[in-house]
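Please read them with the coordinates open.

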Amino acid sequence: MSTVTCLPCCAARERAATMGLLPEGMYRNRSFAEAAVDAGDTETAIQEVLFDPQTSGGLLMAVAPEDADALIAELQGAVPSVQRIGTVSEYTGGKRILLR
């Protein structure tokens, strides 16, 4: 199970989602994956950014918790926007992704 607690979002991208300016692939992604997502109180525009095919792949890295701080420190020079956005824990049933 993954818990997302801190997700940076470009203000312009969030405004576009709020206005309904969304790529068609977002609807397919949402249809495929939303049954596994507990969005909690996450705003709809932010959810849509998460399902957007332009931002949903290739941007995440899973790292052992004990290595995360060192990796972030090492990457900051080359990737200034690097940050920890959540945690992964053992799946015990229910939704697989929790937005908090």
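Which residues make up the largest nonpolar core?

1. The largest nonpolar core has 10 residues, namely Val4, Ala17, Leu22, Met26, Val37, Ala39, Ala45, Val49, Phe51 and Leu99, where a nonpolar core is a set of buried Ala, Val, Leu, Ile, Met, Phe, Trp, Tyr and Cys residues joined through side-chain atoms within 4.5 Å. Helix H3 supplies the largest share of this core, three residues. In soluble globular proteins, nonpolar side chains tend to be buried together.

2. On provenance, this is a predicted model, in which local features need pLDDT of at least 70 and side-chain atom pairs count only at pLDDT 80 or more, whereas totals for chains, interfaces and linings use all residues. Residues are numbered from 1 along each chain as its sequence is written, and side-chain values use heavy atoms, with hydrogens and water left out.

3. As to the overall fold, the chain has four helices and four strands, following the pattern β-α-α-β-α-α-β-β along the sequence; helices (H or I, at least four residues) and strands (E, at least two) are DSSP runs, numbered from the N terminus. The C-alpha trace spans about 40 × 35 × 20 Å along its principal axes. Of the 100 residues, 25% count as buried, where buried means under 20% relative accessible area, exposed over 50% and partly exposed in between (1.4 Å probe, protein chains only). Residues 24 or more positions apart account for 75% of the contacts with a separation of 6 or more, contact meaning heavy atoms within 4.5 Å.

4. Helix H3 (residues 44-51) is mostly covered, with six of its eight residues buried: Ala45, Ile46, Gln47, Glu48, Val49 and Phe51. These buried residues pack against H1, H2, strand E2 (37-38) and strand E4 (97-99).

5. The axes of helix H2 (residues 24-33) and H3 come within 8 Å and cross at roughly 95 degrees, the axes being lines fitted to C-alpha atoms, for helices over the stretch in contact, with angles running from 0 to 180 degrees between N-to-C directions. H2 and H3 are therefore roughly perpendicular to each other, on a scale where angles under 35 degrees count as roughly parallel, over 145 as roughly antiparallel, 65 to 115 as roughly perpendicular and the rest as oblique. Gly25, Met26, Asn29, Arg30 and Ala33 of H2 meet Thr44, Gln47, Glu48 and Phe51 of H3. The residues of this contact divide into three nonpolar, four polar and two charged, with Ala, Val, Leu, Ile, Met, Phe, Trp, Tyr, Cys and Pro counted as nonpolar, Asp, Glu, Lys and Arg as charged, and the others, Gly among them, as polar.

6. Within H2, the buried residues are Gly25, Met26 and Arg30. They cover an arc of only 140 degrees around the axis, which puts them on the same side of H2; the arc is that of the directions from the helix axis to the C-beta atoms. The buried residues of H2 pack against H3, while Glu24, Arg28, Ser31 and Phe32 are exposed on the other side of H2.

7. The axes of helix H1 (residues 11-18) and H3 likewise come within 8 Å, crossing at roughly 105 degrees, and that makes H1 roughly perpendicular to H3. Here Arg13, Glu14, Ala17 and Thr18 of H1 meet Ala45, Ile46, Glu48 and Val49 of H3, a set that divides into four nonpolar, one polar and three charged residues.
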